[in-house]
Amino acid sequence: MAFKVGDIVQLKSGGPAMTVVALHTPTSLHTSWFAGHKNEKAFFHPDALVVFVDDKKK
């Protein structure tokens with residue numbers, strides 16, 4: 001799947017909702033999320049991510 005800046009994603013294995021903040025390379029997305037009050041950031045391969053689905057909104 002082709003992600004774009006602003007997409008809300010999650011690791012396929014679970015974890016927090018993350019925002020795609022930059023397309024670093026075709027194989028590396030820069031993501032950002034909050035852990036409490038701390039802003040965390042990390043790079044992930046697009047194949048490790050899925051679009052976040054908020055089950056609470058269903």
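Which residue forms a salt bridge with Lys4? The partner is Asp7, and the closest N and O atoms of the pair are 3.2 Å apart. Please keep in mind that this is a predicted model, in which local features need pLDDT of at least 70 and side-chain atom pairs count only at pLDDT 80 or more, while totals for chains, interfaces and linings use all residues. Residues are numbered from 1 along each chain as its sequence is written, and side-chain values use heavy atoms, with hydrogens and water left out.

**The sheet as a whole**

- Five strands make up an open sheet with antiparallel pairing, in the order E4-E3-E2-E1-E5.
- At the edges lie E4 and strand E5 (49–51), each of which pairs on one side only.
- On average, neighbouring strands of this sheet are turned by 45° against each other, direction ignored; the axes behind such angles are lines fitted to C-alpha atoms, and angles run from 0 to 180 degrees between N-to-C directions.
- As for the terms, strands are DSSP runs (E, at least two residues), numbered from the N terminus, and two of them pair if DSSP finds at least two bridges between them.
- In general, strands of a sheet pair through backbone hydrogen bonds, either parallel or antiparallel.

**Strand by strand**

- Strand E1 (residues 8–11) and strand E2 (residues 18–25) run antiparallel and are joined by two bridges, with Ile8 opposite Thr19 in E2.
- Thr19 also stands opposite Ser32 in E3, and E2 is linked to E3 by five bridges in the antiparallel sense.
- A hairpin connects E2 to E3 through two residues.
- Strand E3 (residues 28–35) pairs with strand E4 (residues 38–44) over seven bridges, again antiparallel.
- Across that pairing, Leu29 faces Phe44 in E4, and Thr31 faces Ala42 in E4.
- The hairpin of E3 and E4 has two residues between the strands, and there Gly36 takes a positive phi near 70°.
- E3 is largely enclosed by the rest of the structure, because six of its eight residues are buried (under 20% relative accessible area, with a 1.4 Å probe and protein chains only).

**Salt bridges**

- The whole structure holds two salt bridges, each defined as a side-chain nitrogen of Lys or Arg within 4 Å of a carboxyl oxygen of Asp or Glu.
- In the opening pair, Lys4 is exposed at 54% relative accessibility (exposed means over 50%), whereas Asp7 is buried at 15%.
- Glu40 and Lys38 form a salt bridge through their side chains, at 3.7 Å from N to O.
- Here Lys38 is exposed at 52%, while Glu40 is partly exposed at 24% (partly exposed lies between the buried and exposed cut-offs).

Definitions and conventions:
Helix = DSSP H or I, 4+ residues; strand = E, 2+ residues; numbered from the N terminus.
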